[in-house]
Amino acid sequence: MTFDVTLYLTVLITLFVIMDPPGAIPVFLSLVGLKSKEARNKAAWQAPTVSLTVISVFAIGGQAILSYLHIGIPALQGAGGLLLLLIALSLLTGKGAGGDTAAEDVNVALVPLGTPLMAGPGAIAAVIVYVSQADGDAGSLLAIALGIITIHVLFFLVLRFSTALIRLLGEGGISLLARIAGLLLAAIAVQLIADSVRGFVAGG
């Protein structure tokens, strides 16, 4: 078994560009900025864990799952776009920041941080393609697995240390950040929906 360093770097760079860890900072801070330190730290490791779990499941059986449910990548893009749009609207209207209940902590880590922001349609599709191209080669599969793990460790570090910015921003800054994050999420959502429509048209 030969470890494929080139494939490892290709997977890592591809997922970095698609998942965009620095770009998740405004959304993360807007959602957890007014929570307790324990809740922020919890969300910082929960979200990458959720994303890693989702992407790993699709890496192992993504093709089979999508085929069994008769779901294509455009459908995933459309669903992810609609979900992000709902979160974006709550941020823009001031309902997505703050709060301190356990249910909210779990929801923030699961949605939208863990999925679809991190484990979104683009990342899922890329992983499914790389695994199918590996064609069962152990070295290639190991490179893909390490690439997936590395990007999630990087995500954890980015989110964990981004909480240091909260002291500088203050409550007013976090509220402003929530509006900006909502606008960015809305743009991402519209793009996902547009890509979904294009995919359905091209496939139809």
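Visitor: In which loop does T163 lie?

Guide: In this predicted model, T163 belongs to the loop that links helix 7 and helix 8.

Visitor: Is T163 buried or exposed, and why?

Guide: A residue is called buried when its relative accessible area is under 20%. T163 has 12% relative accessibility, and therefore counts as buried. Setting aside residues up to four places away in sequence, T163 touches F28, L29 and R40.

Visitor: Which residues touch the most other members of the largest nonpolar core?

Guide: A nonpolar core is built from buried residues joined through side-chain atoms within 4.5 Å. The largest one here has 46 residues, and L15, M19, F28, L113 and L185 touch the most other members. Helices 1 to 8 each supply at least two residues of this core, with the largest share, nine residues, coming from helix 8. Apart from this core lies another, of five residues, including F58 and I128.

Visitor: With which residues is L185 in contact, leaving aside its neighbours within four places in sequence?

Guide: Those residues are V27, L84, I87, A88, L91 and L117. L185 itself is one of the buried residues of helix 8, a list that also includes I166, G173, L177 and S196.

Visitor: What does helix 8 span between its end C-alpha atoms?

Guide: The general idea is to set the span against that of a straight helix, at 1.5 Å a residue. For 39 residues the straight form would span 57 Å, whereas helix 8 spans only 45 Å.

Visitor: Where does helix 8 bend?

Guide: The bend is at E171, and it amounts to about 85°.

Technical notes: Residues are numbered from 1 along each chain as its sequence is written. This is a predicted model: local features need pLDDT of at least 70, side-chain atom pairs count only at pLDDT 80 or more; totals for chains, interfaces and linings use all residues. Side-chain values use heavy atoms; hydrogens and water are left out. Buried means under 20% relative accessible area, exposed over 50%, partly exposed in between (1.4 Å probe, protein chains only). Helices (H or I, at least four residues) and strands (E, at least two) are DSSP runs, numbered from the N terminus. Contact means heavy atoms within 4.5 Å. The expected span of a helix is 1.5 Å times one less than its number of residues. The bend at a residue is the angle between axes fitted to the seven residues ending there and the seven starting there.
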